[in-house]
Amino acid sequence: MVSGDTDLSPSGSNKRDEGSRRKKRMRRPLDETALRDLALSYVARFATSGAKLEAYLARKIRERGVAGVEDGDGGEDARLDVRGIVERLIELGYVDDAAYAKARSRDLMARGYGARRVDQALYAAGIDEEVRSDQSPSEAVARRAVILLARKRGFGPFSRKEMDQKLREKQIAAMIRAGHDFTAARAIVAAESEEEIEQWLAEAEEDEAGTGPGETGPW
């Protein structure tokens with residue numbers, strides 16, 4: 001007796017065969033050319049750092065293996081030149097850690113995250129300390145980011161709830177988790193009005209405007 005769950009029709013068999021062939025094509029072991037193609041495809045679709053691209057290619061090698069090498073063969077000739085591919089794409093300008101760091105920093109600050117969270121994200125992407133340091137926001141930018149978060153989350157004078165000590169502490173903790181420093185978080189919850197917050201921002205912007213051209217950092 002044949003179970004009703006088993007599809008023995010020609011169409012069902014063809015679908016399974018087609019799916020199996022597609023899977024085999026996708027899982028084909030990698031050679032140097034295929035790895036370069038994967039790298040080019042990745043950088044064409046995503047902004048990335050050198051370290052992130054290297055990690056992606058290494059993962060693909062683990063998943064698919066190396067062409068002409070049996071499982072378990074760890075010979076030196078089985079290794080593909082991942083680092084060489086990444087360095088070549090850096091030379092060609094397809095991968096630029098500084099440009100990636102700048103774009104990622106701007107994106108995170110525009111979403112209300114603070115400098116510490118930005119630095120953590122860049123560190124996780126393999127950006128070195130010098131480049132991360134170059135992306136430290138100015139005081140005005142840092143204040144804009146924390147004000148944006150406060151508006152979005154209803155903190156301080158933007159809150160619709162009656163503020164008490166417990167709520168202030170909770171809001172300060174949330175801003176610190178988002179990467180802002182304690183001083184900025186405390187300024188938000190201590191402000192009695194939105195106008196006071198705007199004045200706080202204006203002071204930093206005026207100080208920044210007083211610096212010479214090119215002296216305000218990457219922001």
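User: Which residues form the negative surface patch?

Analyst: A patch is made of residues with over 30% relative accessible area and no salt bridge, with like charges joined within 9 Å and nonpolar side chains (Val, Leu, Ile, Met, Phe, Trp, Tyr) within 5 Å. Lys and Arg count as positive and Asp and Glu as negative, while His and the chain ends are not counted. The place of a charge is NZ of Lys, CZ of Arg, CG of Asp or CD of Glu. In this structure, Asp128, Glu129, Glu130 and Asp134 make up a negative patch. The model is predicted: local features need pLDDT of at least 70, side-chain atom pairs count only at pLDDT 80 or more, and totals for chains, interfaces and linings use all residues. Residues are numbered from 1 along each chain as its sequence is written, and side-chain values use heavy atoms, with hydrogens and water left out.

User: Where does aspartate 128 lie, and is aspartate 128 buried or partly exposed?

Analyst: Helices (H or I, at least four residues) and strands (E, at least two) are DSSP runs, numbered from the N terminus. Aspartate 128 sits in the loop between helix 6 (115-124) and helix 7 (129-134). Buried means under 20% relative accessible area, exposed over 50%, and partly exposed in between (1.4 Å probe, protein chains only). Aspartate 128 has 45% relative accessibility and therefore counts as partly exposed.

User: How many salt bridges does a search of the whole structure find?

Analyst: Side chains of opposite charge can pair when their charged atoms come close. The criterion for a salt bridge is a side-chain nitrogen of Lys or Arg within 4 Å of a carboxyl oxygen of Asp or Glu. The search finds 12 salt bridges. One of them joins arginine 59 to glutamate 63, at 3.1 Å from N to O.

User: Why are arginine 59 and glutamate 63 separated by about one helical turn?

Analyst: They are 4 residues apart in helix 3 (residues 50-64), which means a separation of about one helical turn. Arginine 59 is partly exposed at 34% relative accessibility, and glutamate 63 is partly exposed at 32%.

User: With which lysine does glutamate 63 form a salt bridge?

Analyst: Glutamate 63 pairs with lysine 60, their closest N and O atoms being 3.5 Å apart. These two residues lie 3 residues apart in helix 3, about one turn of the helix. Lysine 60 counts as buried because its relative accessibility is 18%.

User: What is the N to O distance in the salt bridge of aspartate 107 and arginine 104?

Analyst: The side chains of aspartate 107 and arginine 104 meet at 3.4 Å. Both residues belong to helix 5 (residues 97-110), where they are 3 residues apart, about one turn of the helix. Aspartate 107 is partly exposed at 34% relative accessibility, as is arginine 104 at 31%.

User: Which residues is aspartate 31 in contact with, leaving aside its neighbours within four places in sequence?

Analyst: Contact means heavy atoms within 4.5 Å. With those neighbours left aside, aspartate 31 is in contact with Ala67 and Leu80. Aspartate 31 is located in the loop between helix 1 (10-26) and helix 2 (32-45), and at 36% relative accessibility it counts as partly exposed.

User: How many helices and strands does the protein have?

Analyst: The protein has 11 helices and 0 strands. Of its 219 residues, 32% count as buried.

How values were computed: Accessible areas come from the Shrake-Rupley method with a 1.4 Å probe; for residues, only the protein chains shown count as cover.
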